[in-house]
Amino acid sequence: MDPGAAENPCVKLTELALRHGFTASRAVDPAKIKIYRQVREACTEDKCKAYGKNWACPPACGTLDDCGDRVRGYKSGIIMQTTGILADEFDWDGMWRLGAEHSAHIAGFSDAVLPEYPYALLLGAGACRICETCSCPYAPCRFPKKRISSMEAYGMLVSEVCTAAGIPYHYGKGTLTYVACFLIS
Ligand code: SF4
């Protein structure tokens, strides 16, 4: 092992991510993560049915400029993937199951790391699903320290972030990959 690896928190974090069920994890330099207004604007099409109805989604998650400033304030980080195989391109149940697995991996990882990294930024895929029904916009977020925005809400092009980390996003025909990232100071 590289002698510097023992002190590099990303080495430990990627190992921890794999122990929590992610199928791949790799360090990423936050300085290489680009923020795109077009990605954020796609949220307004409301395909997820969460725009304006989830505290972790736009517009409640903050302006894109604020999100970009926040990302640029971190010095290192990792990305984490959950990849699975679908029966076919219409395997909606398989997609849902894989998304639920990815959320479970994120929840386990989050519980393990947040005590040590309370100011870190954990971003996942899709709306925050910690509560069965989000309280937005009628009442404050029930778990503001635990809520998880998506990488897309922060304007990230997920495939590009994977490339920046030197890890594939597409694993071949019939596969689907969900991605999360964890940025630390
Ligand atoms: S923690 Fe609950 S209330 Fe807060 S954003 Fe997530 S789902 Fe909504």
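**Figure 1. Contacts of Ser76 in the predicted model.** Ser76 touches Cys10, Val28, Pro30, Phe182, Leu183 and Ile184, leaving out residues up to four places away in sequence. The model shown here and in the other views is predicted. Ser76 belongs to strand S2, which covers residues 76-85. Tyr51 stands 25 residues from Ser76 in sequence, and the C-alpha atoms of the two are 29 Å apart.

**Figure 2. The largest nonpolar core.** This core is made up of 20 residues. Ile79, Met151, Met156 and Leu183 have the most contacts inside it. Two or more residues each come from helix H3 (64-72), strand S3 (121-124), helix H5 (158-164) and strand S5 (175-184). Another core, of 17 residues, lies apart from the largest one and includes Cys10, Tyr117, Ala120 and Phe182. In soluble globular proteins, nonpolar side chains tend to be buried together. Leu183, of the largest core, and Phe182, of the other core, are both among the residues touched by Ser76.

**Figure 3. Surroundings of Met156.** Met156 is one of the residues with the most contacts inside the largest nonpolar core. With residues up to four places away in sequence not counted, Met156 touches Ile33, Lys34, Ile35, Val39, Val71, Leu123, Met151, Val161 and Cys181. Among these, Met151 is also listed with the most contacts inside that core.

Figure 4. The ligand sits in the largest cavity. Around the ligand are Asn54, Trp55, Ala56, Cys128, Ile130, Cys131, Cys134, Ser135, Cys141, Arg142, Phe143 and Arg147. By class, the shell consists of 8 nonpolar, 2 polar and 2 charged residues.

**Figure 5. Thr14 in helix H1.** Helix H1 spans residues 9-19 and contains Thr14. Thr14 counts as buried because its relative accessibility is 14%, and the cut-off for buried is under 20%. Apart from neighbours within four places in sequence, Thr14 is in contact with Ser25, Arg26, Ala27 and Ile78.

**Figure 6. Lys49 in the loop between helices H2 and H3.** Lys49 is located in the loop that lies between helix H2 (37-42) and H3. The relative accessible area of Lys49 is 62%, and exposed means over 50%, so Lys49 is classed as exposed. Ala127 is 78 residues away from Lys49 in sequence, while the C-alpha to C-alpha distance between them is 9.0 Å.

Definitions and conventions. Residues are numbered from 1 along each chain as its sequence is written. This is a predicted model: local features need pLDDT of at least 70, side-chain atom pairs count only at pLDDT 80 or more; totals for chains, interfaces and linings use all residues. Side-chain values use heavy atoms; hydrogens and water are left out. Helices (H or I, at least four residues) and strands (E, at least two) are DSSP runs, numbered from the N terminus. Contact means heavy atoms within 4.5 Å. A residue is near a molecule or strand if one of its heavy atoms lies within 4 Å of it. On a 1 Å grid over the protein atoms alone, a cavity is a set of points where a 1.4 Å probe fits but cannot get out, and a pocket is an open set with protein on both sides within 12 Å along at least five of seven lines; lining residues have an atom within 4 Å of a point. A molecule sits in a cavity or pocket if more than half of its atoms lie within 2 Å of its grid points. Ala, Val, Leu, Ile, Met, Phe, Trp, Tyr, Cys and Pro count as nonpolar, Asp, Glu, Lys and Arg as charged, and the others, Gly among them, as polar. A nonpolar core is a set of buried Ala, Val, Leu, Ile, Met, Phe, Trp, Tyr and Cys residues joined through side-chain atoms within 4.5 Å. Buried means under 20% relative accessible area, exposed over 50%, partly exposed in between (1.4 Å probe, protein chains only).
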